[in-house]
Amino acid sequence: MTRIPAQPVLVTGATGRIGRAVVDRLLDAGVPVRALTRRPEAAATLPPGVEVVTGDLPAPASLDEAARGAGAVFLLWTAPPTTAEAVVERLAARTRRVVLLSSPHRTPHPFFRQPNPMAAFHAELERLVAATGVESTVIRPGMFASNAVAWWAPSLRAGDAVRWPYGAAETAPVDDRDVADVAARTLYEDGHAGGDYVLTGAESLTQTAQVEVIGEVLGRPVRFEEMTPQEFRRQSRGQAPGPVIEMLLAAWNAAVGRPAHVSSAVSDVLGVPPRSFRRWAADHAAAFARGAASAP
């Protein structure tokens, strides 16, 4: 693969978990970065040398100057879908490459085939990008390893048990850092036009096994206690939209007793294996430590 001439890369969602990591990877590679943010004060959270531009996906005209002269755009959709067509048209008219963060909704595994409003929107967004004819790459992370912090860290900070549904459901959690590494590489390296990369971790693990790995990293025994779907619905009320809860329950149910889909895409793009879930857990052990106030 060859490097593309160093025009600025426009990163949307630049202060979020994935977007910020993409910013860091691009800077590490010596690529000039232009970060899109709705709030100018957010510049304080970005590294020196990043060009911060104000704009917002719900206001497509605000993207004109942000995208002008950019060699590539990392598109991470963080807004209602109503302006998607106008945003894609404006970006495609001002840059030669779009790298889209999507989801594995095309993957023929039951875990990814459950009704999901976000997957439907991702499919439409992909269609819009393809219709412009702009050079594009689609990045499709599976289950993020970092979900474990939101789901299980509160319980493990308070005690030694996780109550959760479908302990036997198997997933292959992907490290956020691998997602950012792949996205950055496709933004500054040639040879990824038309690429469609489903990103997973290296191994299929039940949810029970993932909790056990976290316990081993912490150096204390932890238990996985099975929760019924109805209990999960009650616990999650007000914390996530109902369709998201139902999608998760259906996906986990479909994944019981079936190895997760594991892809080679991280290795194919980066030339190194994906980080293991154990490594991710070790690097984020502080988030689960007993008595910690909150996740970092």
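Is D181 buried or exposed? At 17% relative accessibility, D181 counts as buried. Buried here is under 20% relative accessible area, exposed is over 50%, and partly exposed is in between, with a 1.4 Å probe and protein chains only.

Ground rules, quickly. This is a predicted model, where local features need pLDDT of at least 70 and side-chain atom pairs count only at pLDDT 80 or more, while totals for chains, interfaces and linings use all residues. Residues are numbered from 1 along each chain as its sequence is written, and side-chain values use heavy atoms, with hydrogens and water left out.

Back to D181. Its place is in helix α6. Helices (H or I, at least four residues) and strands (E, at least two) are DSSP runs, numbered from the N terminus. D181 touches R25, L270 and R275, leaving out residues up to four places away in sequence. A contact means heavy atoms within 4.5 Å. D181 and D24 are 157 residues apart in sequence. In space, their C-alpha atoms are 9.5 Å apart.

Now the whole chain. There are eleven helices and eleven strands. The radius of gyration is 20 Å, close to the 19 Å that the globule rule gives for 296 residues, so the chain is as compact as a globular protein of that length. That radius is taken over C-alpha atoms, and the rule is 2.2 Å times the number of residues to the power 0.38. Along the principal axes, the C-alpha atoms fill a box of roughly 55 × 35 × 35 Å.

Burial and contacts next. Of the 296 residues, 52% are buried. Take the contacts with a separation of 6 or more: 77% of them join residues 24 or more positions apart.

Surface and charge. The chain exposes about 13000 Å², and carbon and sulfur atoms supply 53% of it. Those areas come from the Shrake-Rupley method with a 1.4 Å probe; for residues, only the protein chains shown count as cover. There are 30 positive and 30 negative side chains. The centres of the two sets lie 2 Å apart. Lys and Arg count as positive, Asp and Glu as negative; His and the chain ends are not counted. Each charge is placed at NZ of Lys, CZ of Arg, CG of Asp or CD of Glu.

On to the cores. A nonpolar core is a set of buried Ala, Val, Leu, Ile, Met, Phe, Trp, Tyr and Cys residues joined through side-chain atoms within 4.5 Å. The largest has 35 residues. V11, V22, L26, F74 and L199 have the most contacts inside it. Elements giving two or more residues to this core include β1 (9-11), α1 (17-28), β4 (72-75) and α6 (176-188). Which element gives the largest share? That is α6, with seven residues.

Look at V22. Beyond residues up to four places away in sequence, V22 touches V11, F74, A180, A183, A184 and L187. Apart from this core lies another, of 34 residues, among them F112, A145, M227 and A255.

That brings us to F111. F111 sits in the loop between β5 and α4 (117-132). F111 is buried, with a relative accessible area of 11%. Its contacts, not counting residues up to four places away in sequence, are M143, T171, A251, W252, A254 and A255. F111 and L248 are 137 residues apart along the chain, yet their C-alpha atoms are separated by 8.9 Å.

One backbone point. Y166 has a positive phi of about 55°, although it is not a glycine. Y166 is in the loop between β7 (161-164) and β8 (170-171). At 19% relative accessibility, Y166 counts as buried.

Last stop, helix α11 (residues 277-283), where A282 is found. A282 is partly exposed, at 43% relative accessible area. A282 and P221 are 61 residues apart in sequence, and 15 Å apart C-alpha to C-alpha. R278 lies in helix α11 too. R278 is partly exposed, at 39%. What does R278 contact, aside from its neighbours within four places in sequence? V213, E216 and V217. R278 and V213 are 65 residues apart in sequence, with 6.2 Å between their C-alpha atoms.
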